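Please keep the structure open while reading.

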Amino acid sequence: MKLRKQVTVCGGAIFCVAVFSLYLMLDRVQHDPARRQTGGNFPRSQISVLQNRIEQLEQLLEENHQIISHIKDSVMELTDTGAVSPSGHLPFRSANGSWVLPFDGRPTFLAVKPQDCQFAAGSRGQTDVQMLDVYSILKFDNPDGGVWKQGFDITYEPEEWDNEPLQVFVVPHSHNDPGWIKTFDKYFTDQTQHILNNMVVKLAEDPRRKFIWSEISFFAKWWEGADIYKQEAMRKLILGGQLEIVTGGWVMTDEANVHYFAMIDQLIEGHQWLERNLGITPRSGWAVDPFGHSATMPYLLKKANLTSMLIQRVHYSIKKHFASTRSLEFMWRQAWDTGSSTDMFCHMMPFYSYDVPHTCGPDPKVCCQFDFKRLPGGRINCPWKVPPKPVVEANVAERANLLLDQYRKKSKLYRSKVVLIPLGDDFRYDKALEWDQQYSNYQKLFDYMNSHPEMHVQAQFGTLTDYFSAVYKEHGVPQGSRPADFPVLSGDFFAYADREDHYWTGYFTSRPFYKSLDRVIESHLRGAEILYSLAVANARHAGMEGRYPVSDYALLVDARRTVGLFQHHDAITGTAKENVVVDYGTRLLRSLIGLKRVIINAAHFLVMKNKEFYRFYQTEPFLETDDRRATQDSLPQRTLIELDPAGPRYLVLFNPIEQERLCAVTVLVNTVRVRVLTEDGQTLPVQLSAQWSSASQMSAEVFEATFMVRLPPLGLAVFHVYDAPDSPMTLRSDTLLRLSGRGITARAADSLPIRSQQSDPQTFYISSQTLTLGFSGSTGLLESIKRKDDPQEVKVQMQFMVYGTRPSKDKSGAYLFLPDGKAKPYNQKEPPVVRVVEGPLFSEVVAHYQHFQQTIRINNVPGVDGLSIDISTAVDIRDQTNKELAMRLETDIQSGGVFYTDLNGFQMQPRQHHLKLPLQANFYPMPSQAYIQDSHHRLTLHTAQSLGVSSLENGQLEVIMDRRLMQDDNRGLGQGLKDNKKTANRFRLLLERRSTGNKMEDSATTSFPSILSHMTNAFLNHEVLALPVLPKRRGIPPLQTFAPLKSLLPCDFHMLNLRSIQSQKDPHSPSPYTAMILHRLAMDCGVEAQNLGFNCTTTQGELSVSGLFKNLDLQLLQPVSLTLMHSSTPLANDSSISLDPMEISAFKLKLR
């Protein structure tokens, strides 16, 4: 009986959907796009109209067929997205006070295959070393270790090397920061060019000399200015193995604040440059200066076909622990890996620094004597008061034995009879004299050692790969394989402390203005890459390549390199001198302007209905940008759309994400008489609200118009905006000012009503279809969240806190966070002015405080956009001294000291709050999100910029918003942080209910966001760009929506990039090839599914690329390594590709 009932219900559902789809189909055919209001259409023959209709019908039937087959395949979550109002089609307010909007007319379904949920829930293999366990067992004490202050005495038996001599590889290097104390260009002029010029001469003098170089940004600049003879000499040194390019990224990237999009992009930029100019592929990674290390890095390097890597800045207690267990070399495995496919061989340097005193062995007093740049008479000396001596026949035996003792002690910390001895420091080898001093003195020592067999040592100059190759060879394993008994490790190396309790956790927030600008530009870069690739492919397809501004490619190259430069570990970190920061900012702004131009030019071509009418004029853009920035350090101003009763303005909206997007969009207009129409003439509901110039004053000239749109994935949609007398679909926001009675009066424009009232301490609420938020009557800040489908209201209390810095000599600075104890509540004398705005499409509460202004908004839109809370906090602490402002969320979630932060926007890393560690040690980077959870709820804070985060008490989440510090923290910068800007920090707060069936223990080592959380992050990081069409005297030719995807991309696929590859001949123009980089997201299905507002299906990682892009032919589909340097056999064009959860894969495509 029960079964029959279910069959009936299912059959009924299928029947309803089929009927409904056919109804939609007929409805859409009536709104024939061929007759769209585009102002000046051109007559077309009846046959082509008919043909169009038939094609549309076929397409709609196909869609209908797909929907029905999905219903059969999987359990449907069928939700309608609104209700019909009593009076027809108006937005109206229902009995419970929430607004009901016109029916969006589209059921959406969530069809996630159960197999696609298994990865997150599945078990992982055990690794030998899990960093969370290391943190649990270590005492983090700091006893005096003797000559190796933070370590221990190392002893050995002299005959240990009798059977197998010690192999020593001395690796000369020069660490070149692309901007820190000086700007990139100044460093190049003053130092870097001399290092590279001397290198060409000095390495050629003796084939035994070796060197390594890592920063391609500098190398490329040198190459471009070098004559053909220098280039040839350099190429010869590289191909002959004397000079090795290590990592080969554009910069040596920071690993805490960077997003994986940019990490990959700067690696591609460097590798593509190397491939084009030198034909070489890097094999070993070298990261001696990033302040802590992320687990994302080994994954990306592995994917780029590197075989080994080296790291240096790791907490001194961890280094000591690893040294004592001889675990300094290990296979670094991703915590989520179910096998060993992500294993990367990693070497951790054991001592304090990468300079010469801390690299030859445990005793810096001895090692400093072998830094021959410090010979008496030079500009630098040894702080340990024993200077180096030139090596001569009389002292060579004594010198060689003294040095060998250090080499042997260092080698005792590792598992092989091969030892790595870096020889260099910041901007070393810039004078010919230093090349002579180091190389000739060391060569004498090597010659002596190697000619005395009783010393049992083979010493030589080497490259990094020479060292790694010797290790693999000794253990008899192939390059990159795990030598027997070497430990496998998972986890990461944050937070870093180099001595005492000096934790480098301040830079997770330092200069947040630029951390935010960086992400805006990254989103623009990705959007511009995708649109440019699609526009050029469509132009080629239409035979119009000659008419398209293909030369925009130069703007893309410039932006890739600027974004790449800013990922440097003194740039995005906020740890450079003030004038260097301005230089970075100026470069970033120039690139942003260029990217907006690329987007506008691509959008112009792609939305033209009839490409024959397409004309490109360099001086006369077709579209305006969505916003403008007056200077590199000012916040953006949105573009005003001036409406005119004479005719419509057209607006093109770009959706940079790969799924259909249902969301609220806000534009600025110059009148309250606004009517917005879709391309096919349907009027959209609009909510009008004020533009506020201060807490209580609104503009009389500028208004905000918010409307709900459905945008195609990676597509462009066209809207018409009219100056029209009152449209029944345009409703005005209801605005209430809560004042504290201190003589502030509300100044309203006549056109928008506003009420004011005396504020009282009672909780007040705003609500939408899905959420109700409670706010404190006295502070105007968030207090609680209640989801419509959850009987339980959850306490989520927003507080602002202030940290000071220590009174002692060591104070917080750009790098270090050294607070003077726990945070104190932020308070100001006058109560805040609080503004409450309510309406059919969104409601918001804005609280104005002296040092920040917080806006909390909920969108009354079905799907992703309406399920989370939009938080924007404008921070301005320019009048503070030695203060850090924190935003704290206090909840009743029983998080039990565990919280989760992301690494580089790529993966989640569980964190444990440790009381044994100082407060500042419990902060971690938060590039894109952090969450806390218990068995009932998960609360995620998504962020649009990287900031420092912690959870210091059960149920808390706390973010450092900005820091103003008046002094240097003794790490070489020589400045405090005094150049604060007015900064807008943007977040989305998502409260999810964990499924009742979720009684499983949470994994201690892995965690994954839900599909809704992934989509929320995409919405926050890739905003819709609203591009107004500039009015033209000649009128606007017909425009139409551009929807590039022919089939849905599975919703667990993220298109990281669609990057036009440079031509081999001219680096500033594109080749016919495009790199498509895909990331398959892993998702936690143990969170209750929601209606996402779009059709979300998964396919167990399968994707047909040939069926992906509309109107384009796929002529090549070739799997390549992440940085496009290594190619596999091309696949048949119609084959499917397959990705595992978490996998990032790159493909070379030819589209036309």
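Buried area is the accessible area that two parts lose on being put together, summed over both. By that definition, domain 1 and domain 2 bury about 1,200 Å² between them. The model is predicted.

**Domains**
- The protein is divided into domain 1 (165-362 + 416-431 + 450-489), domain 2 (734-742 + 753-994) and domain 3 (1037-1151).
- Between domain 1 and domain 2, the C-alpha centres are 40 Å apart.
- At their interface, 16 residues of domain 1 are in contact with 12 residues of domain 2.
- Carbon and sulfur atoms account for 57% of the area buried between domain 1 and domain 2.

**Nonpolar cores**
- The largest nonpolar core comprises 262 residues, and F219, F322, Y407, F493 and F1109 have the most contacts inside it.
- Leaving aside residues up to four places away in sequence, F1109 touches L534, P1044, L1045, K1046, M1055, L1058, M1076, L1149 and L1151.
- Another core, of 43 residues, lies apart from the largest one; L867, A1026, L1092 and C1096 are among its members.

**Strand β22**
- Strand β22 (residues 686-692) is mostly covered, with six of its seven residues buried.
- With strand β23 (residues 698-711), β22 pairs in the antiparallel sense over six bridges, and V686 stands opposite F707 in β23.
- Five residues lie between β22 and β23, and the two strands form a hairpin.
- With strand β25 (residues 730-732), β22 pairs in the parallel sense over three bridges; here L688 stands opposite R732.

How values were computed: Residues are numbered from 1 along each chain as its sequence is written. This is a predicted model: local features need pLDDT of at least 70, side-chain atom pairs count only at pLDDT 80 or more; totals for chains, interfaces and linings use all residues. Side-chain values use heavy atoms; hydrogens and water are left out. A nonpolar core is a set of buried Ala, Val, Leu, Ile, Met, Phe, Trp, Tyr and Cys residues joined through side-chain atoms within 4.5 Å. Buried means under 20% relative accessible area, exposed over 50%, partly exposed in between (1.4 Å probe, protein chains only). Contact means heavy atoms within 4.5 Å. Helices (H or I, at least four residues) and strands (E, at least two) are DSSP runs, numbered from the N terminus. Two strands pair if DSSP finds at least two bridges between them. Domain bounds come from an automatic or database domain assignment. Buried area is the accessible area (1.4 Å probe) that two parts lose on being put together, summed over both.
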